[in-house]
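User: Please take me through the packing and the backbone of the model shown below, with the cut-offs behind each term.

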Amino acid sequence: MDISQSDIETQPISPHGGVLINRMVEQDVKDDVLRELPDLKVIFTDRRTICDLVCIACGAFSPLQGFMTRNDYESVISRMRLMDDTIWPIPVTLAVEEETAAGISIGEKVALADENGRFYAVITVTDQFIPDKWREARLVFRTGDIRHPGVKNLIKSPPVYIGGPIDMIQLPENGPCSRYAMKPQQTRRIFAEKGWKTVVAFQTRNPIHRAHEYMQKAALETVDGLLLHPLVGETKGDDIPADIRLKSYEILLHNYYPEDRVVLAVYPGFMRYAGPREAVLHALVRKNYGCTHFIVGRDHAGVGDYYGTYEAHHIFRQFTEDDLGITPIFFEHSFYCYRCGGMASKKTCPHSSENHLILSGTRVREKLRNGEPLPHEFSRPEVSRVLMESISRSEKGMMLN
């Protein structure tokens, strides 16, 4: 059964902006759109842009209906709000080369395709402008350092932004993630069928270790259900691939979580590594998926040492509860304490750091690549095993190619 807009509006939490956006072309007009495609100019986009297209089309980025025009873009980078005053922390833009932009007129429809020429959407162009990307970098990423992956991607992207609403013709194939690819309308329906009034979401781009499990289960003590919502769009090259991560999530949920209180679905967005601002984006996206609460851990969406440990907590203080519309749950850094004999944080553990087991993401990846099992205090043995086996197979395959 489908869930109607009126049903959505009566659910425990409304979509951001009040309406769950759907920019998917309806089947009864799809043939007409496909017939128009050969006559349209084409913009060839990258994988990150395809991720944004999917998020806009399915409603994950509600209330956005397309790529931002200059006015919304300037408002977002300077004050984290759209022109209508709705909170939105990060610009969502379509970057094109100058010669491409010069050949496109305002009001024109243009096809959007990937680098292989597969068509995904049509944009109706309502604006084009040249942004100050260094200003965008300093405001959004809080740095102009080209070594920051988000800044690097921004600066190397084409110089002109094109704005306007999109109409999505087809979604990209999800491969191993297909089983868990759910639109916000679908997760909302599942939550309603389960009778959940309160749902906490957990964002991750990594395998889940014991500290993550500790946060999730602590939050589950106070809400009806958990949406485990890993990001499966583009990440850094040294992050563990999505298909491997999904195997680890399945094993963990099967062995250590109550089946009737957790939903696993994938978030098709890509990592911007924008730290505090991206933490707000991640919360708003989960609001659109029907969640009432959102877990914010240490250095959420951070990279390197560009952001303070708890800056992603502090940014939420800038917004009222009514403006945000979803309740953040803040967790300090958690760890295994040998003296306590279990997971703890500085709020609950009185012991010194030499009693704590803390492994960095870099150290975890090193151990896995070396075939070393992760300490059971850090990771469940079943998870450690599948990560080692999968990474070993992956690297052997790379050596053979």
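User: Which residues touch the most other members of the largest nonpolar core?

Analyst: This is a predicted model, in which local features need pLDDT of at least 70 and side-chain atom pairs count only at pLDDT 80 or more, while totals for chains, interfaces and linings use all residues. A nonpolar core is a set of buried Ala, Val, Leu, Ile, Met, Phe, Trp, Tyr and Cys residues joined through side-chain atoms within 4.5 Å; buried means under 20% relative accessible area, exposed over 50%, and partly exposed in between, with a 1.4 Å probe and protein chains only. The largest such core has 77 residues, and the members touching the most others are Leu53, Phe61, Phe67, Trp88, Ile123, Met168 and Leu227.

User: How many residues does helix 3 give to this core?

Analyst: Residues are numbered from 1 along each chain as its sequence is written, and side-chain values use heavy atoms, with hydrogens and water left out. Helices (H or I, at least four residues) and strands (E, at least two) are DSSP runs numbered from the N terminus. Helix 3, residues 47-58, gives the most to this core, and its share is seven residues.

User: How many residues are in the second, separate core?

Analyst: Ala211, Leu253, Phe331 and Val386 are included in the second core. The size of this separate core is 39 residues.

User: Which residues are in contact with Trp88, leaving aside its neighbours within four places in sequence?

Analyst: Contact means heavy atoms within 4.5 Å. Beyond the excluded neighbours, Trp88 is in contact with His16, Phe61, Ser62, Pro63, Leu64, Met68, Val76, Met80, Arg81, Leu82, Leu281 and Leu284.

User: Is the peptide bond from Ser62 to Pro63 cis or trans?

Analyst: Both Ser62 and Pro63 are among the contacts of Trp88. Pro63 lies in the loop between helix 3 and strand 2 (66-67). With omega near 15°, the bond from Ser62 to Pro63 is cis.

User: What is the phi of Met80?

Analyst: Met80, another contact of Trp88, is placed in the loop between helix 4 and strand 3. Met80 counts as buried, at 7% relative accessibility. Although Met80 is not a glycine, its phi is positive, at about 60°.

User: Is Arg81 buried or exposed?

Analyst: Arg81 has its place in the loop between helix 4 and strand 3 (94-96). Leaving aside neighbours within four places in sequence, its contacts are Asp72, Ser75, Val76, Thr86, Ile87, Trp88, Phe319 and Asp323. Its relative accessible area is 13%, so Arg81 is buried.

User: Are helix 4 and helix 6 parallel, antiparallel, perpendicular or oblique to each other?

Analyst: Axes are lines fitted to C-alpha atoms, for helices over the stretch in contact, and angles run from 0 to 180 degrees between N-to-C directions. Helix 4 (residues 70-79) and helix 6 pack at about 45°, with axes 8 Å apart. Angles under 35 degrees count as roughly parallel, over 145 as roughly antiparallel, 65 to 115 as roughly perpendicular and the rest as oblique. Helix 4 and helix 6 are therefore oblique.

User: Which residues of helix 6 meet helix 4?

Analyst: Helix 4 contributes Tyr73, Glu74, Ile77 and Ser78. Their partners in helix 6 are Arg135, Glu136, Leu139 and Val140.

User: Is the crossing of helix 6 and helix 7 left-handed or right-handed?

Analyst: The axes of helix 6 (residues 133-141) and helix 7 (residues 149-156) come within 10 Å and cross at roughly 160°, and the two helices are therefore roughly antiparallel. A crossing is left-handed if the near helix is turned anticlockwise from the far one by less than a right angle, and right-handed if clockwise. The crossing of helix 6 and helix 7 is right-handed.

User: How many residues in the contact of helix 6 with helix 7 are charged?

Analyst: Lys133, Trp134, Glu136, Ala137 and Phe141 in helix 6 meet Gly150, Val151, Leu154 and Ile155 in helix 7. Ala, Val, Leu, Ile, Met, Phe, Trp, Tyr, Cys and Pro count as nonpolar, Asp, Glu, Lys and Arg as charged, and the others, Gly among them, as polar. The contact has six nonpolar residues, one polar residue and, as charged residues, two.

User: What is the relative accessible area of Arg142?

Analyst: Arg142 lies in the loop between helix 6 and helix 7. Its phi is positive, about 65°, although Arg142 is not a glycine. Arg142 is partly exposed, and its relative accessible area is 39%.

User: How many residues of helix 9 are buried?

Analyst: Helix 9 spans residues 210-220 and is mostly covered. Its buried residues include Arg210, His212 and Glu213.
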